[in-house]
Each structure stands twice: as structure tokens, then as C-alpha cells.
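Hi everyone, thanks for coming.

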Amino acid sequence: MTDERPIEVAIIGGGCAGITAAFELTRPELQGRYRVTVYQLGWRLGGKGASGRGPADRIHEHGLHLWMGFYENAFRVMRECYAELKRDPATCRIADWRDAFTPDHFNGVADLSPDGSWSPWTARLPPFEGLPGDPGNEVPRWTVADYLARSLELVRTLLALMVREPTSGPAPGAPRAPTGVGTPEALLESMSNLLKYGQFATLAAVVEALGLMEVALGTLRRFPENQLLRFHDAVAAGLRGQFERLIQTDDRLRRVWEIVDLLLAVVRGGLRFRLLTDPRGFDAIDDYDCREWLRLNGASEGAINSAFIRALYDLAFAYEDGDVNRPRVAAGQSLRGAFRAFLTYRGAFFWKMRSGMGDVVFAPFYEVLKRRGARFAFFHRLEDVKLVAPERLAPGERPYVEALEFDVQAEVVGGGEYQPLVDVRGLPCWPATPDYRQLVDGERLEREGWKFECHWDRRNAGTRTLRMGEDFDLVILAVGGGAIRHACKGLVERDPRWRAMVERVKTVPTQAFQLWLRTGMDELGWTEPPVNISGFVEPFDTWADMSHLASEESWPRPPGAIAYFCSVLPDVPEAERLRPAFPDEQHERVRRNCVRFLQRDIVHLWPRARGASGDFRWDLLVDPREPPGEGERGQGEARFSSQYWTANVSPTERYTLSLPGSQKFRISPLDDTYDNLTVAGDWTDCGFNQGCVEAAVMSGRLAAHAISGAPRLEDIVGFDHP
């Protein structure tokens, strides 16, 4: 290490993106070149991934958080964090990343049958080789052609499932690898002959044709795309002719056929739109909505509105203005996300955390960063980013940030650094409320009900201005995408690109609730293993069985089951959001949604959750305030007040959408318009432009690269994928 002053980096926001950037910039191999300070609203890290411990050490989440098996960047830095943390397994029950995450193979979608009834369509997705975040470069860098070839391989596999009888082996025509195609010329002749004679009357012939297409996609440059397209259309017509009548009365066949139909449309679209040779890859079709693009390429209305497609929209909260009648998501990012999710996951499709996300993710990062010398300034709310006046710039000098203006929400007794973590039976965790004892006038702040994470509570203990060259040299803006218009008013007003981004890269509020139940899921009528389901009815389209968390909480008598639900929350006009009463009104609105959902809809998944009166069995709900053996504190619907629900309406909490036509307006962490400013967050242009942990981590790594040159771009998995 040299005697030079370290470069001071101010990171605004302690969510996944900001913390990842801090982790990368403070790596030991950089020898202390960068000194990082994280400025955080309120008392805890996490952003949209923040969690806290409430009564009985219940885990209170911002929403439902599952990590996916293709989150290579997120798992890589998480595994490195735990390795450096070196917790003692004898004293801490979550000492290693494998203690923190557990593979979850059983998943499903809620299927709406033609007769109007709901039923779950569940499956165990098999484990794939390796584990997410495995070191090295084992992750294949697939091309569009690779993805389309795998789609055809999957079609052949699904066809085998459709024709297999319950008591028999595979029917004739089950998928086999194509053999005997020989040279490219021989392959071309085989395809031409099939087209010429129309030999698609049998399933065996169709399966053979699919195999030929797989091979052709691997050597596309030797074949004209229009011939592949004609061949594809003939194959698809042959399949539809054989199966369309069969699926009318068989839900099992219909569901599988809908996936086949979608895959055929994706392959057709890849050929029609020349995605295999377009250097933009999937980005070339981001101006289309996913359903619109599938329809253009021959997908049936049944497939377009299938449970599978609904689930893809639900998991991305892909509803403009939160209106479920306006489903919209960029087609290219949808395909990229689906392909990455289903074809490149490792270990398991989903990985569930074995505690709250704050405890499993952000507490370990906080501890490691503190050891490395990073500083944390909690209770700092960014009010504006000040750019140097244009007239003060020398010729050719790039504009830069000269000051950061904060409201200091609360001051720490003695002027030290706030200590945010609490101990829950040996595990460092975040509390659901701040430790007022550490704050100046803490008793008064608690009594007056200061809400540090609420955008509408503008009270503060003071203000603070950081100046370039004195307090910081470089800035990483890592606040939530919805907060940009509020926290960077001068930047948005001055820069047309930032103004366009704020206007076009939209966000939506979300809603979530958690139930703690006296009985197990089997007693409620759910007879399958613990599951994650999406595509269900609004107002809560996604459910996950989180019963494994019961032992992590501190109940005198653990609940029999725990269930998490989430969904988009319909937005309201901007003028209504300005009123101070707005957040409380939305909290009550979500409570009413929860009650209505339990009364009307949950019976489709839990048939025995309804009592003899026809109402939801409110006595199932466990109240942490009730001592064991004593009577119930509330009756009927009033018992719901003992559960947890949240209306995520603050700007920092809103979810970033991937609307058609909006992706081009995102700003990259690699953008160098401003000399000392970069950005990080799932709202940036990061190579995977969708709201999720992986996108935020990729963005944080890119921001670190923009400053230090590390990590290398080729080490950010997926950044260069199509």
C-alpha cells in the first residue's frame, strides 16, 4: 500500500447494488485504494430486500424473496462473503452459505381451466449440474442459436410426455438424437425432402424433423433462414394437427401443449426477426410486449394467456401502473430471463433463504465490510445531487458532482456510528424498528412515531452537505429507481437523458403479507410438498410455503405453517400520492385486499381453510401476543391484525418495470458523462434489465468496474450474453 490518500467513495443506498459495489471496491487485493462510506436512509441495509425481526422474532420481509439458480453473480459474491466471514458453526447456526440457502425444487403455477376452476400445476424441476456461483468460468456463454436449439430439444421431450400412457413406456416417436444427417449438404437434402413430400403426418416424423432443426441451428450460417422458417412452419402445422383436438378435454395435455406452442413461437420469432445474427441479440425485440411478440409469431391465444405466461408476468410485477389489465413487459428481456431461468440454473431452480433476507444477506455483508474498514452513515436521506455549474468548467472538462445534500434523520448519542444489529440466539439480525436508545432524544422520537423509512415523514434532526474533495471524491448513486426524481431533482432537471429515464423507466408499488398458522398445510387441504406458486388470482397472485422458517423464530409453540403472498399494487395518480395520509391509506387498502383474498380466493389452494359458515377460519392465525394456553385476543376477521402486511409505496420501495420501449432509456453504470458519478441498481442498463437481485448485483459489480477496473467485464456472468 502506498502513502497516498485513499480515494473516498460515497455510496448512496445500501441495497443489493450499493452493497455489492462496496464489497468489490474494498477487496483486500485493492490494498485499501478506496475508502467507502455507505449513506443509508433509516436504520437498516437492504433496500427492497430489507427485513427485520418483530414480535417473537418473527421475520418481517419487504415481500417474497427467492433466489434463482441462475443468479451466478449474486451467489458468487455471497459465497465469497461467507468464506471471508468465517463464522464458527459451533456458535452460529448460519455459518456458511449452504447454511443460509437451501435448494427448492418443487414449484408450480395456478392454472385456470376452461371451466373456470383454479387448480395448481406443480412439478419437481430436476437439479442441474454444479452450484450457482461456482468459481471459474464454467457457465456457458450461450448464443441465441444455442437457446433456440435447446428450445427444440425441450419440445421433443415434452412431446414424449404427452404421448406416454401412465402404464406404458415411451410411445413410438419419443425424442431421440438425430442420426445419420452427415454433411451439411445431406442435412439440407433431408429437410428439403420432408418439405417436398409433406411427411409430417406421424409424430415420429415430426420428432425427426425437430431433431434436424436442432442440428441446423448449430450451423445456421450454412443455411438460408427463410428455408429454416418454412421448415419450422411445416413442423408446427403438423404438430397442431395432431394435438389440437386432444387437448380440448384433457387439462394435463393442454398444459404441456401450451408450453410446446410457446416454444415453437419463440423459435419462429427468432428466425423471422433474424435474432441469430443480429448483434443486439434479444434486445432487438425489446420494443414489443412479450405477448404481442408471441402472437406475431404464431402462438395461440390459449398459450399466450396460459398459466405459464401469467406467472412470468406476475413474477416480474409486469403490469403498467400496477393495472392487471395492462400486462406489459419487453419481449427481449422476457426471453432472456426465461431462458436463463429454465436452461442455465445450477443446483436448483429456486433457492430459499433459511432466515430473513436481511439476516442471511445484509448482516454478513455488513460485518465483512466493517472489518475491511467501510463506514456506514445511517439515518441519511439524500435530498439532492449538486452538479458543478457549467460556467465553472474548463474547456473539455466533464461535468461532475460537487456536493451531496442530506437530511440527517436522527443523530447518534455521543456522535459515534450507529450499531444496527441485534442477536437472535447467536445470529446477527436486523430489528424491525430502530434502537431508539442509541439516538439523541430517542424516547421522544419513538413516542412521536418518527417513520424513518417513510417518504412522507420529512422530519429531521439536521442537514448535512458533503463536498467533493473534502468528504468524497467519487459517488455511486445506488438509491431505488423510484427515488431518482425526488433525490436527484437538479440532475433530472438539467440532464435530458436522466429526465427521459425517469419518465420512461417506470416503477410500480407492490403489496405483500405473511401468515403464521396453527396447523400444517396438509390440514388446510394442501397435500403436495412445500411449493412456490405464481399465476394465481389477484389481488395476490404468488404464494410460497415458508414453513421452514418457524424454527428460526422464537415462538413458545412454533406455528404449524408459514405462508408468504405478494403481488403488484394498482397505482394511484401522482397528485394523490402527495398527501401525508397516503401511506397509511395504502396500508389499510392492502389489509382489506388481504382479508378479501382470504375470504374469497385462498380456498382454491387450501380447500379446508374455510369454516362451516363459509368464512375463512380466522382462528387459524397465530398471535405472538397470546401466551400459550390462554384464550384468543381477537375473534373473526379482527385476528388478522396480528399478522404482517405491507404496502410498498415509498419511492425507494417501488419495483422497476421492464416496459416495452423503455430499455433504451436506462443509463449504464459504465456511462462516463459525469467525471465522478456512476450509478447502480436494477433500474440501470446492466445486461439483465429486470428488477431482481441478480440485476442489482450485476449493476453493483459494473459500477465497481467503472471506478477500479475490477471485476473484469468477462467475469460478470451474463453481461455479454445475448
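I'll go through the core, the cavities and the aromatic pairs.

This is a predicted model, where local features need pLDDT of at least 70, side-chain atom pairs count only at pLDDT 80 or more, and totals for chains, interfaces and linings use all residues. Residues are numbered from 1 along each chain as its sequence is written, and side-chain values use heavy atoms, with hydrogens and water left out.

Let's begin with the nonpolar core, meaning buried Ala, Val, Leu, Ile, Met, Phe, Trp, Tyr and Cys joined through side-chain atoms within 4.5 Å; buried is under 20% relative accessible area, with a 1.4 Å probe and protein chains only. The largest one has 159 residues, and W67, F101, L294 and V361 touch the most other members. A second, separate core has 40 residues, L515 and V649 among them.

Now, which residues line the largest cavity? They are C16, I19, T20, W67, A74, V77, V361, F362, F365, V693 and V697. A cavity here is a set of points on a 1 Å grid over the protein atoms alone where a 1.4 Å probe fits but cannot get out, and lining residues have an atom within 4 Å of a point. Its volume, the space filled by probe spheres set on the points, is about 70 Å³.

Finally, the rings: there are 49 aromatic pairs, with centres of Phe, Tyr or Trp (six-membered ring) within 6.5 Å. F70 and Y71 pair edge-to-face (planes over 60 degrees apart), at 5.1 Å centre to centre and 80 degrees. F70 counts as buried because its relative accessibility is 2%.

Definitions and conventions
Buried < 20%, exposed > 50% of the residue type's maximum accessible area, 1.4 Å probe, protein only. 1 Å grid on protein atoms, 1.4 Å probe; cavity = no way out; pocket = protein on both sides within 12 Å on 5 of 7 lines; lining within 4 Å. Phe/Tyr/Trp six-rings, centres within 6.5 Å; stacked < 30°, edge-to-face > 60°.
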